[in-house]
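Subject: Structure handover

Hello,

Here is the structure for you to look through. My notes on what was found in it follow below.

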Amino acid sequence: MCSVIGYVGKNMSRPFVMEGLSRLEYRGYDSAGFACLSPQDNQMLYAKAIGRLENLTEQFNQHPIDGFLGIGHTRWSTHGVPSAENAHPQFDCQKTISIVHNGIIENHHELREQLQDVGHVFHSQTDTETIAHLFESLLISHNTFKSAVIDLVNHLDGAYAFLALAQQRSDTMVVVRRRSPLCIGIGDAEMFVASDVLAFADKTNKVIFLPDESFALVKKDIIELYDFTGKPLVPQVQEVQVNWHNSQKQGFEHYMLKEIYEQKNAIYSTVKFLQALDETIFDHLGLSLEELKNVERIHLLGCGTSWHAGLIAKFFFEQICLIPTTVHLASEFRYNHFFAEPNALYILISQSGETADTLEALRLINSMNAKTIALTNVASSTMVREAEGFLLTQAGHEIAVASTKAFSTQVAALYWFAHFMAYAKHIINHQQLIAAQDDLLIAAELLENSIENYKTVIAQELAPRYACSKKAIFLGRHVSYPIAQEAALKLKEISYIFAQTYPAGELKHGPLALIDNETPVFLFSHIDPLIYQKLVANAQEVKARGGHIILFAFEGQRELIALADTVFLFPKIKPLLGPLAMTGVIQFFVYHIAKELDRPIDKPRNLAKSVTVE
Ligand code: G6P
């Protein structure tokens with residue numbers, strides 16, 4: 001998603017804004033821009049560039065603009081193609097106002113027409129430009145700056161977080177939030193504003209997360225916070241510990257590779273953290289023991305990789321807790337009929353806790369008075385604030401757009417929680433709960449060891465061979481089907497190779513026609529003997545048509561191994577943890593395929609992390 005960054009204070013703003021933008025560049029990288037008010041004559045100075053942030057940095061060699069009040073932006077295009085005109089900041093007619101914005105102004109067409117009718121001239125296709133022109137006209141018609149801002153925010157529909165600079169108030173930044181995330185870091189005679197705390201992690205740990213539908217007038221040493229009616233709000237300052245050092249590449253070529261290797265520790269930390277919660281877990285969950293015992297239905301919701309974690313976890317809740325579980329794509333959920341069920345629990349899965357589709361689904365479920373828990377990696381996220389309860393993974397900041405350690409910790413947390421629920425319901429005893437925790441640690445160990453086993457052959461032999469493929473088919477059954485889906489998504493995201501996933505049993509019902517010797521079939525095995533036998537039959541169907549099989553299997557699965565062209569073998573563990581053990585090798589393999597193809601692995605084309613628009 002786009003990121004917005006702002007600075008007002010005793011120092012020049014550009015160094016902080018550019019550093020902040022580079023830290024949040026994973027949120028969008030179609031274009032970048034910076035604007036500030038000149039300390040000499042209060043003129044609006046700005047620079048914009050298409051593409052990566054370094055293109056913007058180059059412009060400062062020629063024009064080293066700077067000021068005490070500055071705003072910046074990296075863009076993930078929604079309205080208008082990536083171009084210099086559409087890059088933010090956007091301006092009013094006289095360039096007295098500049099705006100950077102994350103989100104969508106849903107009524108921008110209507111506003112644009114009204115503004116054009118009274119003479120405003122637009123230069124971009126963006127919805128953001130309407131904010132600048134509207135603010136321009138409201139500053140003329142209102143007596144006070146504050147009342148113009150109130151009128152402005154009440155004209156705008158949609159989800160947005162934006163920052164505004166206006167010549168008229170050269171010491172003040174306007175900071176507005178409706179549904180999209182935004183926070184202010186409080187420094188010593190300086191304020192840092194950003195879409196994510198990571199931007200100012202080493203500057204201050206005093207943070208105000210703007211409440212929904214609020215705006216702030218921010219000066220270097222004072223923050224005036226208001227709701228959209230103009231009523232003053234008391235800013236809630238939180239102490240947040242975010243370690244920027246841990247969020248750097250630390251010698252790895254890409255964030256994705258670093259994050260793949262961090263998984264074992266991330267799973268350990270997550271399991272140990274959940275285990276140590278003890279009785280306080282009920283405060284986190286927002287549920288009493290009695291309520292937890294009474295849960296009769298579970299719904300899991302998420303998008304992308306988080307949805308895949310949910311698809312895997314369905315088997316946990318059904319097999320371990322014996323609770324019927326349905327998995328929903330959050331982006332579809334709101335358009336389906338909502339069935340009120342007694343004793344239903346909704347678990348919203350989101351690494352960032354900010355994904356707009358998941359957040360809107362959460363709001364709908366909350367409005368139906370059903371029980372909600374956010375499973376997320378970010379304690380300060382909107383979902384944690386808005387859900388009735390939460391469960392936190394301990395993956396640490398994930399920077400690469402393609403999710404790795406966030407996914408494996410979600411799977412681990414859901415496996416743990418399924419056992420915790422089963423224990424609460426007296427389906428398993430305490431020893432079995434402890435054993436499940438140990439099994440998770442074993443799976444984490446296997447995840448890492450398997451990468452070690454295969455890393456050389458993947459990097460030197462297999463990735464160069466399979467990087468030539470134009471397309472690939474992914475097959476699995478039962479819990480190995482969602483891991484096949486996740487593997488295919490990873491391949492698509494970072495290598496741009498077309499990949500299609502099927503439950504292996506469906507192959508003969510149509511997709512078998514796609515099998516040829518040029519399209520590798522990735523097959524994910526299962527430990528359960530019955531499912532394994534079915535997979536052997538599916539592999540035979542592929543081989544009989546001249547197909548080429550890349551197999552992820554468990555030791556001793558000889559019939560399947562004999563049918564495969566390339567084999568990755570994993571020691572046998574608890575059947576439901578098979579996908580977790582395979583995760584590292586899958587990611588590592590796909591990473592090296594993308595590397596062979598020279599793809600921008602951490603920031604794949606057209607994508608962004610933390611998608612805060614629907
Ligand atoms: C985007 C990212 C995916 C991620 C999905 C859900 O599409 O590119 O990697 O899985 O959002 O994100 P969340 O933060 O809700 O888990």
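The structure holds 25 salt bridges. In one of them, Glu-213 pairs with Arg-178, and the closest N and O atoms are 2.9 Å apart. This pair links distant parts of the chain, since its two residues are 35 residues apart. Glu-213 sits in the loop between β11 (206-209) and β12 (214-218), while Arg-178 belongs to strand β8 (residues 173-178). Please keep in mind that this is a predicted model.

Overall shape

The chain has 19 helices and 25 strands. How does the radius of gyration of the chain compare with that of a compact globule? For 614 residues, a compact globule would have a radius of gyration near 25 Å, and the chain has 26 Å, so the two agree.

Domains

The chain is divided into domain 1 (3-246), domain 2 (249-428) and domain 3 (447-602). Domain 2 gives 31 residues to the contact and domain 3 gives 28 residues.

Together, domain 2 and domain 3 bury about 2,600 Å² between them, and 68% of that area is on carbon and sulfur atoms. Which residues of domain 2 lose the most area to domain 3? They are Met-256, Tyr-261 and Phe-315, which together make up 21% of what the domain 2 side buries.

There is one salt bridge between domain 2 and domain 3. A salt bridge also joins the side chains of Lys-595 and Glu-253, with 3.2 Å from N to O. Between domain 2 and domain 3, eleven residue pairs are in polar contact.

Four helices each supply at least two residues to the side of domain 2 that touches domain 3: α6 (255-261), α7 (263-277), α10 (304-320) and α14 (405-424). The largest share of that side, ten residues, comes from α10. By type, the residues on that side of domain 2 divide into 19 nonpolar, nine polar and three charged.

Two backbone details

Most residues other than glycine have a negative phi, and most peptide bonds are trans. Two places in this chain are worth a look with that in mind.

Is the peptide bond between His-88 and Pro-89 cis or trans? A cis peptide bond joins these residues, with omega at about 5 degrees. Pro-89 is in the loop between β4 (69-75) and β5 (90-91).

The other place is His-426, a residue other than glycine with a positive phi, near 60 degrees. His-426 lies in the loop between α14 and α15 (430-466).

Regards

Terms used: Residues are numbered from 1 along each chain as its sequence is written. This is a predicted model: local features need pLDDT of at least 70, side-chain atom pairs count only at pLDDT 80 or more; totals for chains, interfaces and linings use all residues. Side-chain values use heavy atoms; hydrogens and water are left out. Domain bounds come from an automatic or database domain assignment. Contact means heavy atoms within 4.5 Å. Buried area is the accessible area (1.4 Å probe) that two parts lose on being put together, summed over both. A salt bridge is a side-chain nitrogen of Lys or Arg within 4 Å of a carboxyl oxygen of Asp or Glu. A polar contact is a pair of N or O atoms within 3.5 Å; within protein, one must be able to donate a hydrogen and the other to accept it, and residues adjacent in sequence count only if both atoms are side-chain atoms. Ala, Val, Leu, Ile, Met, Phe, Trp, Tyr, Cys and Pro count as nonpolar, Asp, Glu, Lys and Arg as charged, and the others, Gly among them, as polar. The radius of gyration is taken over C-alpha atoms; the globule rule is 2.2 Å times the number of residues to the power 0.38.
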